[in-house]
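Biologist: Please show me the model. I have some questions about it.

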Amino acid sequence: MNLLKIALLQIAPAGTLAGNLEKGTAACRRAKELGADIALFPEMWSNGYNIYGRPVEEWKAEAISAGSDFIRSFGRLAGELNMAIGVTLLEAWENGPRNTLVLFDRFGERKLTFAKVHTCDFDVERNLTPGEDFPVTALDTAQGEVQVGVMICYDREFPESARILMLRGAELILVPNACPMELNRLSQLRARAYENMLAVATCNYPDSVPDCNGGSSVFDGVACLPEAAGSRDTCLLQAGGGEGVYTAELDLDMLRAYRTREVHGNAYRHPKKYGILTDTQINAPFIREDYRE
């Protein structure tokens, strides 16, 4: 049995960049004590997703480079702890900051930089620069190589996000988050895991953070087993609201075996029939049409 231990750092921001570095470092060390192979932060950890109710130019000034000392510190920490770390930031970018995750492997090597594609353009996030793609990387862990992709918060609302990652070989999707994890959002995560036969690990802020409520979760996507009657609960972890480092063990051998025999994911798709999905001229009968390419 090949068990990959995932740590979700459901922690509240400290209020400053230096404070977040210190608290984030301590949380990663705690994750390592718990035996984690991967540690994941909630969304935009560098400034605690503190962009609501403030002048836009004020929080934009808090953007930092993906090559900043703050981010490089977590790269060094990953190498020291022999543990992959997915750290999040408000990233300085040419046309306005991005909502970004940087993933380091257990040797401290940067493996992936992902910017949130589906920014919440109905609100203050319209001032962010959206990402352009959903990359997948081969992440070296103590349990061997794992194919990892990322969605950030609102990205999970769009089935296409996880579907692209599945088609690129993802076995695990990391999802930094900053919003209330209620029934329907949790159901989305469960569905993304189920329909793509992959694991989805989501890290949210605790309930001490405004408009957040904890509920960090891991779904492994394995809906049934040959030796068991009926369906199986794919939820490995759903945290409560409190602050803490929460862990779940993902059985990679079980997931990989399931992907070879079951009917979901890419098994019976008809992509030639899906052209409407990329037709930007379609005026679907939605109430809102104020989307951005």
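This is a predicted model: local features need pLDDT of at least 70, side-chain atom pairs count only at pLDDT 80 or more; totals for chains, interfaces and linings use all residues.

Biologist: Is Gly-149 buried or exposed?

Modeller: Gly-149 lies in strand E7, residues 144-150. Strands are DSSP runs of E, at least two residues; helices are H or I, at least four; both are numbered from the N terminus. Buried means under 20% relative accessible area, exposed over 50%, partly exposed in between (1.4 Å probe, protein chains only). At a relative accessible area of 0%, Gly-149 is therefore buried.

Biologist: With which side chains does the side chain of Asn-177 make a polar contact?

Modeller: Asn-177 sits in the loop between strand E8 (172-176) and helix H5 (183-196). A polar contact is a pair of N or O atoms within 3.5 Å; within protein, one must be able to donate a hydrogen and the other to accept it, and residues adjacent in sequence count only if both atoms are side-chain atoms. One partner, at 2.9 Å, is the side chain of Arg-156. The other polar contact, also 2.9 Å, is with the side chain of Asn-204.

Biologist: How far apart are the end C-alpha atoms of helix H3?

Modeller: H3 has 13 residues, 69-81. The expected span is 1.5 Å times one less than the number of residues. So H3 should span 18 Å, and its end C-alpha atoms agree, at 18 Å.

Key:
Residues are numbered from 1 along each chain as its sequence is written. Side-chain values use heavy atoms; hydrogens and water are left out.
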